[in-house]
Amino acid sequence: MTDTQKIASLFAKTGGSTTNAGKSPKKSLEEIELEKVLALSEAEAKVADMDDEARIKAAIEQSLIEEQSKEVKGEEVGGSSKRRLEDGLLVGPSSSPPKKVHRTEEPKDEEVGDPSLDDDSFDSRSERNIEKLNGSLDLLYCKGWIRSQERKRLRNWMLNELAWHRVTYIQPRSKQRIITPRFTATFGKDDTGSPDHLYKFPPKPFPPLLDRLRKILEEKTGARFNAIIINYYADGKDSISYHSDDEAFLGKSPTIASISLGASRDFYLRRKAPANQSVPDATSNEKMGTKGKGPAAQRPTEKMVLEDGDLLVMKGRTQADWEHSIPKRTSYVGGRINMTFRRVMNVSGTNNFIRYNRMGDGDSPQFRWSEKTRQMVPGSGGI
Ligand SMILES: O=C(O)CCC(=O)C(=O)O
């Protein structure tokens, strides 16, 4: 059975409501993981694969939600429910200038050579622990961990060498085709030594350079990593919705090491709603803590700006208790790469992360970086 068929059958079993925890007392881990995929794909469906008309509505709705909830400060979309998105322009009230939605090419880097990843490549002087709410949020944050020259080399290397994907799949509930709003690449697999035929999609081994970075991070964090998801956010329209990396296949209290390269992006964390919270107007997804009007307004939120070369390690109860996101932006935002190193514990976890970050429903378009136009273009090849 394919994952899509499994989702459909799970959907049928639960009468179309896979998110109502009260109805099925005993759920398999697989069912719980599929629910998570559904929740994130629903959230991404809202923003990822919409025509301009829907984008206009979503931008307005989003600005209203964000204004009303006062959940986050300094938003660029918020400010006026009268704003409209038109032909790539977010039009403000007459007093405020229109803001361009950029999907532009990247500025050209000077020639930077190959990354070396030696002792001189890293700088841990700004490292600090961030703990909130009795350690429920547990972060290690190192600004500018990768030194300037090396960041450019690493970023250039990844853009030019990797095979990038814009993963597409059908959202089972709405039958809507989802286009994940970012470019992705993945490497690695679980360490179970399982036979090849159990892998639905061929795992790709870490390229030597990224394997070196993996080992450096293992030494630094004391955690073990065997898989990496790499995201390229081409501009402010690319994003990742609120989610947490708390799938059972990542184990209990997973450590996720995240490196940012390129443009700065806001990174939001918000505490999940308690499972037993009684919220009269909450949708079932809100009970799962994955979306949020209303009750989200009361949840503690942290806002960070992740910049070129930063290392952020999320550990302890962070994934169990919090969600994170890279929200969309309408003012100019350049391209940004993010790498997250994780440890996948079993074959179904490997199948899951490759599916949702490389394969999709099998016809996800592949892209290569064009040095000429400084943007992603459809094309094959790459690692
Ligand atoms: O881009 C980021 O900083 C976050 C990426 C992320 O949350 C993910 O890949 O799960």
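A residue is called buried here if 20 or more other C-beta atoms lie within 10 Å of its own, exposed if 12 or fewer do, and partly exposed in between, with the C-beta atoms placed from the backbone. By that criterion 40% of the 383 residues of the protein chain count as buried. The model is a predicted one, in which local features need pLDDT of at least 70 and side-chain atom pairs count only at pLDDT 80 or more, while totals for chains, interfaces and linings use all residues. Residue numbers run from 1 along each chain as its sequence is written.

The protein chain contains eight helices and 19 strands, taken as DSSP runs (H or I of at least four residues for helices, E of at least two for strands) and numbered from the N terminus. Two residues are in contact if their C-beta atoms, placed from the backbone, lie within 7 Å; of the contacts in the protein chain with a separation of 6 or more, 75% are between residues 24 or more positions apart.

In helix 5 the buried residues are L210, L213, R214 and L217. Seen down the axis of helix 5, these residues fall within an arc of 105° (taken over the directions from the helix axis to the C-beta atoms), so they line one face of the helix. They pack against strand 9 (183–188), strand 10, strand 12 (256–262) and strand 17, whereas P208 and E219, on the other side of helix 5, are exposed. Just after helix 5, G222 takes a positive phi of about 75°.

Helix 8 is followed by G360, which has a positive phi near 60°.

V167, in the loop between strand 6 (164–165) and strand 7 (168–170), counts as buried because it has 23 C-beta neighbours inside 10 Å. Apart from its neighbours within four places in sequence, V167 is in contact with T180, T184, Y356, N357, R358, G360 and S364. The C-alpha atoms of V167 and A185, which are 18 residues apart along the chain, are separated by 9.7 Å.

Strand 4 (residues 128–132) is hardly covered, and the count of buried residues among its five residues is zero. Strands are said to pair if DSSP finds at least two bridges between them; strand 4 and strand 5 (residues 137–142) pair in the antiparallel sense over five bridges, with R128 opposite Y141 in strand 5. The two strands form a hairpin with four residues between them, and L133 in the turn has a positive phi of about 50°.

Around the ligand stand I229, N231, I240, D245, S258, F267, L306, H324, I326, N338 and T340, a residue being near a molecule if its C-beta atom, placed from the backbone, lies within 6 Å of it. Strand 10 (227–233), strand 16 (322–326) and strand 17 (336–342) are the elements that give two or more residues to this shell. By class, the shell has five nonpolar, five polar and one charged residues, where Ala, Val, Leu, Ile, Met, Phe, Trp, Tyr, Cys and Pro count as nonpolar, Asp, Glu, Lys and Arg as charged, and the others, Gly among them, as polar.
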